[in-house]
Each structure stands twice: as C-alpha cells, then as structure tokens.
Amino acid sequence: MPLPNIITVEEFFDSPVRAAAKISPDGSRLAFLAPSNGRLNVWVEDLDGDAPARAVTADATRSVQMFSWTTDPRWLIYLQDNGGDERWHLLRADLDDPGAPAVDLTPFDGATTFLMDLPIARPGIAIISTNARKVDEFDVFEVDIATGALTEIERNPGNVAGWVYGADGSLYASTQDAAGAIALCRWDSAARELRPIAEFDGIDYPLGVFPIVPAPDGGLWLGSNRGGDLTRVVHVDGATGAQTEVDAHPTLDLDTTGLVAPTLPQPLIVDPRSGELLGVRYLGERQEIHALDPDFGEVLTALRALSDGDIGALSSDLDGNRWVVSFVHDRDPGATHLYDRRTGESRLLFRPFPHLDPARLAPMSPVTITARDGRALPSYLTLPVGVEARGLPLVLLVHGGPWFRDTWGYHGEVQLLANRGYAVLQVNFRGSTGYGKAHTQAGIGELAGAMHDDLIDAVEWSVAEGIADRKRLAIFGGSYGGYATLVGVTFTPDVFAAAIDYVGISSLPNFMATLPEIARPYLANNWFRYVGDPSDPEQLADMLARSPITRVDEIRTPLLVVQGANDPRVVQAESDNLVAALRERGVEVEYLLKADEGHGFVNPENTIELFRATERFLAEHLGGRTAS
C-alpha cells in the first residue's frame, strides 16, 4: 500500500475553523476562537438560536490565545501580548456592542498581568496580579471590568513568588528562599505579613509551581509529592497547614502539563459555582480522570461515550447542566461536543480541522525504550500510514522544558512528518516531568550527558528494531529541544543527517543571564540545580563545556535555525551567535528569523513558512516527500 496522498502544510497549520470553545455561565452562549482579520479572534454565538456567530474581538496583529467569560453577561476578557514578548495585557470586549474597540484594562508599558480569579459573588470584578510597580514583584489588584478602575488589594512584600486568591477573599502566597525551599503562606492583611503554613523541598518542584486551587472551606487543594515519588492531591488547612490526602493514583502522576502551558487542561476540575473539587486528571500513556463527585461521575461517563479520545478542555454552566468538551485525539484533533445533563442529549459542535480525514492520519503509539543504564524511557512512535515500518527515515522530535513531557494526542508537526514518509520518535528522557520525581531528578547535572544519551539510545533502538535507516536520521526540537538538537550535532556529530533548532539555547550561561527579570529570583530549583550557577567559576566552566556554542567547530550536519525576534526566554542572540560562528567558518546554515514572533510561532503565515522550510529541508537531506 502506498503512502496516502500529500496533505499540504496549509491544511495542517492554517488557522482552525473554530477552537477553544467555552460555554457561558448561564449556559446560553458559546465563545470560541475563529479566524477574523487574518488572526484568531474571539467569537460568540447563541447555543439555541439561529443567529449567526459574531466576532467580538478584532485583533489584526496577533492571534488571541487565552480568553474568559465573566459573570457579568456584558463582558468577556482576554489576554494579549505584543509580538510574542509575553508581557500580557488584560483586555475587555463588550458583548452588547461587538463593534466597540477592545479596552486595555492594564495599559502598563513593559508589565505582565495574570488573571487570578473572577469571583462568582462579585459580577464584573476580576482579580489580577501585575508587576507594573516593580518588574520582579507582582502585586494584587481588583479590576472593575466596566470602568477599568483598579484597586490595590495587596502589595508584594518583596519575596512573594506567586499569589492565590482564596474562596473567601483571603490571600495565600508562595515564597522561595535562596536555597530553593518553597513555603506556602497565608497573608495576614491586618499585620501585612506572611504566615507560613506548609513547606516543601524545592528539589521536588523544578519549576517552583504545583497545582494550587482554593477550597470553599478557606483551605487549599494542591498537588504534593511529599513522602513519595508520584504527585497526588492533598487538602491544606488554611489555618494550621495540616495536610490530608484527597486523591492519588497508584502508578500515575498528576497531569501538570497545563501548569506549564496554560492553554492545556488544568489538573484539578472544580465546580464553577461552589468551588468543590469534582475530578482529578492523571496522565500516563493516556489520560485517566478520577471523579470525586457522584454527579460529576455521571457526567464523565456520558462525556466519555462521545469519543475514543481523552477529555481535553471542559467547561460548564454554573448549574452544571450544560457541558462543552473537546477531545484530545491523535487523529481527530479537538472535536468539540455539547452535552446536556438534564435531557441526556449531546451534539457535535465542530471539528477544528474538518478537512483532515482521520483515516489519512497516522496513529501515535506508546513505546517504552530501555536506556543504557536500564532506565525506562516512556516514548511515543508515529509511523507513516501505508508503508512497511522498515528502514524509514526518522525524525527524533525533542520536547522543550526540559521540565515537561510528550503526550498522546494530535501534533501537527508529527502528522506532517508522518505524511511525508518519516517515522517520528518522541522520548520522555530523564529530566522530563510526569513520571515521578525520581525520573525528573535523574536529569540533575546531565544536560549534554545522560539526558542526551537517552535520546541517542532511543535512536539506536529504532535502528536495531529495523524501523529506522541509520543514514537517514534527523533531530528537531524547540526551546530545550533546540538545545538538545544543537547538542546532537556538536557532541555526537556523526549520528544525524539533518537538524532543526527551533528557538534553542546555544550558550547556557548567556541563556541564564538574559532570562526575564521575573524568572531570575527563582532559578535555584531548576537551572541552577540541574545545570549550574554561572556566578561560580567552576560551575560556569562546566556550563560552557555543555554549551553547543563552544563546540561549534564540530558541526558538519546540515542545520536549519528558527528564531522569534521577541523571544523573552531564549533571546535572539542565542541563534544569532550560533549562525554567525558557523558562517564565519564558511559553513552553510539556514536561518529563519521572524520579527513578530516570540518563543514559538503563533501567527499562521509564520507557522506555515516554518513548516514549508522544514518539509523542504528534510526532503533534501533525508529524502522524504514534499507537496511540490
């Protein structure tokens, strides 16, 4: 059987027809993202009427990614940055007058705003944190959405890493000391001081974050791996700090991918009106959800019957009667349904990419690979449809972070590569999260060491299994994955026939020195612990030795470098310096730089250009198919 017909880059990476749907608090309307002005904007439509949907935002510069209903039916709010700089502003859209321009509720130059809460009992009010006063200190404000008036609730005393707004209006805060120890504190408004109620070893939380959700009784639900390897859910008493286990899985970690990528589903599912905990997401090869509420258990059973995929984004009206659910699936991405608990009826609302035929897409299969030291490496293998899995060109696709993980589901780049005839291998190497803290902590000190060995071992496995052709191997990754790509062509220059570095780190010391100011106080648990502290000369020397820029003379693999000029995490200099060093040696390197992008491309024309370049580049060096 031959490979299926070519699916164009545009079919994979142009904007979805609809995506990211959320039901209104009263259950009568649906908000979603759809193209307008060449960008994804927010649209609203009635769920029970025949009136056409209407766009309520009109951004023509950058696609909207995050939005929320408010409990005042007139207002919808969304976050937007400038060209990928991640300095988020909170904007208001008027649903009573969709032609009115959006209003920036946080018009602070150079500041970043995070939405903390939309209190049910206070329609028209948003609780935010912003660093408008001091770049490395976030203060808490109340915003009147209608007028834009801001009222300071509390000012950061100087050591708060993050705030949580409690169900009763109380504030909790997390702090981190120089050694990385994390304290969860209750804020005493009268005394204006933090009162610690729980402490955690920072080594267990490389990002310094874990799920924290206010409980209706004034306490907190949070994810904890204290005393064990896997993360479970505990309840913390708001006064005493006493911890009580609420739920755990015997073999799986809590799904915390949404903490790193806020557009992904969050691990704790909470009743929007009462604030009670309804369910908990765990993630292994596939997702498992534990229902903690009998009524939600019935809803969950009904929702699972709608698809053989995993439950993704989930929203309901305040009464918990009408539910909108999108599904995670390797070949049918984001299919979104409406379910009415009162009638038991459901209907398909939309498929984001209706032109993609699931039968033409490639299934994504979990595999476990054994590293040279015996460590199990949970991985995913996607094989092209219609050809024997023997002697194929293979792309090793490396995830970012590194404190993240690959997951089962639809990934446009994976499907593009499989459609062009490549096998695609994704490896949750040591240092990845989601497989217990021992797997994550096995990455300490192992950048360009055992973390890279894991990737090479996985490639060797694919060759030994007869799947991959040793002479036609490529490595492709973004962010940390870009660093891993550059390590691949400098530390093991004879393994790969082609490499694509997407917003990747070339110099570990320069990367740390240029991180945003809001990140630098909290490096103790991640980059300092796992890689080194550049203020220490001995550690600096080791970091340089692990930096691809210092081994650039080893590069002889064809290389494509991709960068966003506004990237606040991996700055443009990381790519500029590498490309300049290669060109100075007379080595040909392709460089795709976009002035209106940041840490990963968002606007569709740029994404399409990136993957057209990817398609052509890999075809030239590995012999895969192209659309032309």
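Modeller: Residues are numbered from 1 along each chain as its sequence is written. This is a predicted model, in which local features need pLDDT of at least 70 and side-chain atom pairs count only at pLDDT 80 or more, while totals for chains, interfaces and linings use all residues, and side-chain values use heavy atoms, with hydrogens and water left out.

Biologist: In what order do the 4 strands of the open sheet stand?

Modeller: Strands here are DSSP runs of E with at least two residues, and helices are runs of H or I with at least four, each numbered from the N terminus. Two strands pair if DSSP finds at least two bridges between them. The pairing in this open sheet is antiparallel, and its order is S13-S14-S15-S16.

Biologist: Which strands stand at the edges of that sheet?

Modeller: An edge strand here has a single partner strand, so one side of it is left without a neighbour in the sheet.

Biologist: Which residue in the turn between S14 and S15 has a positive phi?

Modeller: S14 and S15 form a hairpin with 5 residues between them. The hairpin of S13 and S14 also has 5 residues between its strands, and there Gly169 takes a positive phi near 90°. In the turn between S14 and S15, the residue with a positive phi, of about 100°, is Gly180.

Biologist: How many of the 6 residues of S14 are buried?

Modeller: Buried means under 20% relative accessible area, exposed means over 50%, and partly exposed lies in between, with a 1.4 Å probe and protein chains only. Leu171, Ala173 and Thr175 point one way from S14, whereas Tyr172, Ser174 and Gln176 point the other way, and all are buried. S14 is therefore largely enclosed by the rest of the structure, and its count of buried residues is 6 of the 6.

Biologist: Is His235 buried or exposed, and which side chain does it join in a polar contact?

Modeller: His235 is found in strand S19 (residues 232-236), and at 15% relative accessibility His235 counts as buried. A polar contact is a pair of N or O atoms within 3.5 Å; within protein, one must be able to donate a hydrogen and the other to accept it, and residues adjacent in sequence count only if both atoms are side-chain atoms. At 3.0 Å, the side chain of His235 is joined to that of Asp217.

Biologist: Which helix gives the most to the lining of the largest cavity?

Modeller: A cavity is a set of points, on a 1 Å grid over the protein atoms alone, where a 1.4 Å probe fits but cannot get out, and lining residues have an atom within 4 Å of a point. The largest cavity holds about 350 Å³ of space and is lined by 27 residues, with Pro206, Thr231, Thr256, Thr433 and Gly434 nearest its centre. Strand S21 (253-254), helix H2 (257-260) and helix H5 (437-441) each supply at least two lining residues. The most, 3 residues, come from H2.

Conventions
On a 1 Å grid over the protein atoms alone, a cavity is a set of points where a 1.4 Å probe fits but cannot get out, and a pocket is an open set with protein on both sides within 12 Å along at least five of seven lines; lining residues have an atom within 4 Å of a point. Grid points are joined across faces, edges and corners, and a volume is the space filled by probe spheres set on the points.
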